[in-house]
Amino acid sequence: MLRRSAGSRGEGGSAIAWRQVGVTWLAGVQAAVGLGAVSPVSSAVRSSLGLSLGTVAWATSGMTVVGAAFGIPAGRWISRYAARDALVLGLLVIAAAAGGSGLSGSWPALLGSRVLEGAGYLLVFVAGPTVVARLTRGRARTAALAAWGSCVPVGLALATGVGGALAPGPAWHRWLAVTGVGPLLAAGVLTFVLPRLPAPPVTGRSVAGGTLTRSLGPAGAYACLSLVGIAVLVLLPDFLTGVRHTTGAEAGSATALVSLLSALGGLFATWLLGRGVAVKALVPLAVLMPLGCLPAFSSGVPLGAVVGAAGVVLFVDGLLISAVFAIVPDVARRIEDIDLVNGSLSQFGSLGVLLGPPLFGLAVGRAGWEATTALASLFTGATYGLLVLTVRVAASPAPAPAPPRPTPPAGPDPGPGTGSDRVPDGPRSRGTE
């Protein structure tokens, strides 16, 4: 049973619990700002350091590489320590690395700082939903975890909108350094606001293996959703400027709006799930994503329809991502195993973010912009199947615990040659003394 924090009451829905959840959510948003920090200043970074577009893209991918490689191990590590401490540590690492990015004068230094920032990002996005789950229960937990799923799109929207306005030309150094202020402040606030949640019991190897197996469905769905969502956000500015001949500022504003719609989709899922709507009722909406990609990357529709269609894709993407996070407790089955499922989500989701832009970019280069619809259909179909599987796994009853082994009756020592290496439970014979 989840312990209540001091001063909370009810089923995890008290004002104190929700304030703590809100502060934790804001910390996740601040961490996600760092993920999108380079995108609005990529041209300035290329000009300043003499880099190609593909090379600068690794400044973003450097953060996701860490999660793609170490998400599950991070979940296992956090399961042995207090999630609150891991969350605060991750924020401090992000703040320090962002400061290093602001001081970097060479490509290796910038890339190294971004990889270090990715380590902090991983800690935040494994420990953060674990903290949220331990602060809440019941329907409040479902809604709170769904809200957590909106952290990344909100952070990306802030990075795209604010970064482009505050960091023209050589100011990119200052912008990257400024992105570390929010995580630093969040770490200080969380230290005082969050209760020290006790670390759960260490999960046995067999139990952990079963939890990780059950997590493959939601983790795979999250990977596909992350892949499609980030690809659309990365390709949209190039499509708008190169095909629809908009200005860079117009393309940036449209992309920020589309990213914000992803956040609104997550918040809409939070509202629905908090009122008892089942996750399985949201799964069929996945069909809207490939349908939206068709006009979103078409040269024959009005510009407003392009942005609107891309917004539909990201709205549904954010809604389904929130649904994935909301179903985590049912997949984990035990509160102490939630961090293992979160580690799987972080690892697979980072893999999707890492592979999405180059995969879609390669397809567009070879087959034109129509390829976005074909790839979106492929990965959305996989998302649908994995979410259906996830709902079934979450609804399946937990296996009954194995009955305790009966204690054998006391008796004489069976003596050598019986194949038994166990000392009998009865009085020991002289030969054993």
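Me: Buried means under 20% relative accessible area, exposed over 50%, partly exposed in between (1.4 Å probe, protein chains only). Which residues of helix 9 are buried?

Reply: The buried ones in helix 9 are G182, P183, A186, A187 and L190. A caution first: this is a predicted model, where local features need pLDDT of at least 70, side-chain atom pairs count only at pLDDT 80 or more, and totals for chains, interfaces and linings use all residues. Residues are numbered from 1 along each chain as its sequence is written, and side-chain values use heavy atoms, without hydrogens and water.

Me: Noted. Why do the buried residues of helix 9 line one face?

Reply: Seen down the axis of helix 9, they fall within an arc of 135 degrees (taken from axis-to-C-beta directions), so they line one face.

Me: And which residues are exposed on the other side of helix 9?

Reply: L185 and F192 are exposed there.

Me: Step back. How many helices and strands are in the protein chain?

Reply: The chain has 17 helices and zero strands. Both are DSSP runs numbered from the N terminus (helices H or I, at least four residues; strands E, at least two).

Me: How much of the protein chain counts as buried?

Reply: Of its 433 residues, 52% count as buried.

Me: How many residues are in the largest nonpolar core?

Reply: That core has 102 residues, and Y121, V124, F125, F297, L320 and L345 have the most contacts inside it. A nonpolar core is a set of buried Ala, Val, Leu, Ile, Met, Phe, Trp, Tyr and Cys residues joined through side-chain atoms within 4.5 Å.

Me: Which helix gives the largest share of this core?

Reply: Helix 11 (residues 216-242), with 15 residues. There is also a second, separate core of 16 residues, including V33, A44, L49 and A159.

Me: What does L345 touch?

Reply: Leaving aside residues up to four places away in sequence, L345 touches P218, A219, Y222, V324, F325 and V328.

Me: And contacts across the chain, what share join residues at least 24 apart?

Reply: Among contacts between residues at least 6 apart in sequence, 83% do.

Notes:
Contact = heavy atoms within 4.5 Å.
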